[in-house]
Amino acid sequence: MAAKSAETTTKRQVPAVTRAIAILRFLARSDEPVGVNPIARELELVPSTCLHILRVLQDEGLVEFDSNTKRYSIGIGILPLARSALQKNTFSVLVQPLLSGLSEKFGVTSIATQVAEPSQMVVIALSQSSLPFRLQVDLGSRFPILISATGRLFAAFNVTDPEELRSGFDKLVWDHPPSFDDWLTEIEATRARGYAVDRGTYISGVTVVAAPVFNAAGQMIRSLVAIGISERMDDKQVASLAKSLLKLRDKIEAMQIETRS
C-alpha cells in the first residue's frame, strides 16, 4: 500500500474579505469621511464593488454613511471588537500594572505596542505619569512601523533588505528628519545594545526609549516604550530607563512562560 502523503494546508484567497479589511483600514486612517470614488481609487477597486462592500459594512455597523455628503467613515460598531481584542490580549493584561510602576518611578508616559498591520504599530496598553505636564497617547493609537525608537527596533530585528528600509524611510515624517545614513547607523547601534532611543527627531523636545519583545521565531512583534520630555531626561536617566524596560520585558516573558506551563 502506498504511504499516505502528508496533509498540506494552503491559504485560500478570499478577495471580498481582503477588500473589506482594506476599506476599514483606509477609513480608520482617514481624518474626514470619504466618498466611494476616492476610496475605490485609493484602493484600486471597481467603484461598484467598493460600494457593495461599504453597504454591507454599513449594515453591520462597522461603517457609517452621511446621506447629506454621501461620504463614509469608520463606525462605532468597531469599538466592541477592539475592546474585546484588548481585553483578551494576555500581553496587555500582564504589562499594564508594570507600566504604571514605570511611569511613577521615572515620570514618563509608558506604552506597549504591537504590530497590527504590515506597516503599522498600535498602542495596546499605556500608563500616564502623575506629572502636571504629560504627553497625550491613547489606546489604539497607530503610527508607522519604522518611525521613532520603535521603528529602529523593527528595522534592527525584522528587516534585512536595504531596499525595503530605504523605501520605508522615504515615507516617514519627522520633526527633525535624520539622514538615511545616520538612521542606518542608529539601527546598528540599536541592534548592538538591544534597545533604541529617539532624542527629539520624531517629536521636538521628546525623548523616546524602547525595548523589543520577541516571538518564538525571534521577530520583534511588540515593544515596551517610555516617552518623556527631553530636558528632564539626561543620558544617565535614559540609560537607567532602558535598563528598566529590558528588565520589565524579561519579567513579562517569564510570566508568560509560567502562565503557559
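This is a predicted model: local features need pLDDT of at least 70, side-chain atom pairs count only at pLDDT 80 or more; totals for chains, interfaces and linings use all residues.
The largest nonpolar core comprises 29 residues, and Ile111, Leu146, Leu172, Trp183 and Ile227 have the most contacts inside it. Two or more residues are contributed by each of β4 (120–127), α6 (148–158), α7 (162–169), α8 (180–193), β7 (206–214) and β8 (220–229). Helix α6 supplies the largest share, 5 residues. Another core, of 26 residues, lies apart from this one and includes Leu99, Ala112, Val122 and Leu248. With neighbours within four places in sequence left aside, Trp183 is in contact with Leu146, Arg152, Ala155, Leu165, Phe169, Leu172, Trp174 and Pro178.

Arg152 also forms a salt bridge with Asp198, with the closest N and O atoms 3.0 Å apart. Because Arg152 lies in helix α6 and Asp198 in strand β6 (residues 196–199), the pair ties together parts 46 residues apart in sequence. Arg152 is buried, at 2% relative accessible area, and Asp198 is buried at 0%.

In total, 6 salt bridges are found in the whole structure. One of them joins the side chains of Arg191 and Glu188 at 2.7 Å, N to O; these residues are 3 apart in helix α8, about one helical turn. Both are partly exposed, Arg191 at 34% and Glu188 at 46%. Arg166 and Asp170 also meet in a salt bridge (3.0 Å, N to O), with Arg166 partly exposed at 33% relative accessibility.

Strands β1 (residues 63–66) and β2 (residues 71–74) pair in the antiparallel sense over 4 bridges. They form a hairpin with 4 residues between them, and Lys70 in the turn has a positive phi of about 60°. Asp66 stands opposite Arg71 in β2.

Methods: Residues are numbered from 1 along each chain as its sequence is written. Side-chain values use heavy atoms; hydrogens and water are left out. A nonpolar core is a set of buried Ala, Val, Leu, Ile, Met, Phe, Trp, Tyr and Cys residues joined through side-chain atoms within 4.5 Å. Buried means under 20% relative accessible area, exposed over 50%, partly exposed in between (1.4 Å probe, protein chains only). Contact means heavy atoms within 4.5 Å. Two strands pair if DSSP finds at least two bridges between them. A salt bridge is a side-chain nitrogen of Lys or Arg within 4 Å of a carboxyl oxygen of Asp or Glu.
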